[in-house]
Amino acid sequence: MIEARHLRVLRAVATTGSFSAAGRELGCTQPAVSQQMKALETSVGTPLLVRNGREMRLTQAGEALVRHASGILAGLTAAEEEVAAIAGLRAGRVRLVSFPSGSSTLVPTALAALRAAHPGTRVSLEEAEPPKSVELLRAGDCDIALAFRYEGAADTGEWDDLVVRPLLTDRLVGLLPERHRLARADSVALGELADEPWIAGCPRCRGQLVQACESAGFTPRIDFATDDYPAVVGLVGAGLGVAVLPRLAIDSVRPRGARTVALEPAVRREIVALTLPDLAQVPAVAATLEQLGRAARRT
């Protein structure tokens, strides 16, 4: 294996014409230069210099290696500078995947702060609900996944192999048409909505809705189902049913024609940022996680 330090010595010897002059250029002794040249010749398995008294010249192999050395060393220097820029957050890339209500609330605040602090760091954003977002992370298709799980979920060990950065606890709220008989109540028990038509959200939220309603003694009659939170709000506002949405989702839209009410018993979900253990050590990823945490504290 050819080492970069040996290439630097060979190039200095070829340029200066002697071991002692090469040593002065490199800031080392003449014996050190001689030792490294011998090591390089051993590595390549052929002489690189022909010595004749005080004079020396390159062999054909030596000339070939010197010719390539400049390009190799220049490439290494460029690589070192790029890595140093990434390590110093003067450059870098982070691939972020988030569920929609996180994309519209936590992510903009976090990325604006990240850009202000580290303008050389680029972040791409893709939307996906868990567990798809977590699958993308494990497959290497993203660096950070914003995800959530509901309190009391059975699959509490699903993130054990990941670095979990807790962000906030998001409470679910009822969404009722503003003329609904319970729209101005301080809180509403799910059982009071047993006979209402329901509008359900994303598949995971839909499953949580059915579970919560069944715990309250009824199975919801779901008339409409959509992954689009503004569509849920619009359908409720038009008087077509009631819904349960995370507070974070309500914060991202203007609920025209609808009112939010507290639910009893409370239903909550845990919002987290996930990454792989090795990725957590990458400066740009760590900085993004930090800004997501700060954005959550301001929410």
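1. Let's start with the residue classes around the largest pocket: its lining divides into six nonpolar, four polar and two charged residues. Here Ala, Val, Leu, Ile, Met, Phe, Trp, Tyr, Cys and Pro count as nonpolar, Asp, Glu, Lys and Arg as charged, and the others, Gly among them, as polar. This is a predicted model, where local features need pLDDT of at least 70, side-chain atom pairs count only at pLDDT 80 or more, and totals for chains, interfaces and linings use all residues. Residues are numbered from 1 along each chain as its sequence is written, and side-chain values use heavy atoms, with hydrogens and water left out.

2. To find that pocket in your viewer, look for Glu151, Gly152, Leu190, Gln208, Gln211, Ala212, Ser215, Ala216, Pro265, Ala266, Val267 and Arg268, which line it. A pocket is an open set of points, on a 1 Å grid over the protein atoms alone, with protein on both sides within 12 Å along at least five of seven lines; lining residues have an atom within 4 Å of a point. The volume of the largest pocket is about 190 Å³, a volume being the space filled by probe spheres set on the points, with grid points joined across faces, edges and corners. Helix H7 gives the most to this lining, with four residues. Helices (H or I, at least four residues) and strands (E, at least two) are DSSP runs, numbered from the N terminus.

3. How many cavities of 30 Å³ or more does a search of the whole structure find? The search finds one, and the space in the largest cavity is about 30 Å³. A cavity is a set of grid points where a 1.4 Å probe fits but cannot get out. Its lining is made of Leu172, Leu190, Gln208, Leu209, Ala212, Val244 and Val267. Six of these residues are nonpolar, one is polar and none is charged. H7 (residues 203-215) supplies the largest share, three residues.

4. Now to helix packing, with H1 (residues 4-16) and H3 (residues 30-44): their axes come within 9 Å and cross at roughly 115°. Axes are lines fitted to C-alpha atoms, for helices over the stretch in contact, and angles run from 0 to 180 degrees between N-to-C directions. H1 and H3 are therefore roughly perpendicular to each other; angles under 35 degrees count as roughly parallel, over 145 as roughly antiparallel, 65 to 115 as roughly perpendicular and the rest as oblique. Arg5, His6, Val9, Leu10 and Val13 of H1 make the contact with Val33, Gln36, Met37, Ala39 and Leu40 of H3, where contact means heavy atoms within 4.5 Å. This contact has seven nonpolar, two polar and one charged residues.

5. H1 also packs on H2 (residues 19-26), with axes that come within 8 Å and cross at roughly 120°. H1 and H2 are therefore oblique to each other. In H1, Arg8, Val9, Ala12, Val13 and Thr16 meet Phe19, Ala21, Ala22, Glu25 and Leu26 in H2. By class, that gives seven nonpolar, one polar and two charged residues.

6. Another pair worth a look is H5 (residues 100-117) and H10 (residues 283-298), which pack at an angle of about 125° with their axes 8 Å apart. That makes H5 oblique to H10. From H5 the contact uses Leu106, Thr109, Ala110, Ala113 and Leu114, and from H10 Ala287, Thr288, Gln291, Leu292, Ala295, Ala296 and Arg298.

7. Finally, a backbone detail: most peptide bonds are trans. Which residues does a cis peptide bond join here? Another joins Glu264 and Pro265, with omega about 0°. Pro265 lies in the loop between strand E11 (258-264) and strand E12 (268-275), and Pro265 is also one of the residues lining the largest pocket.
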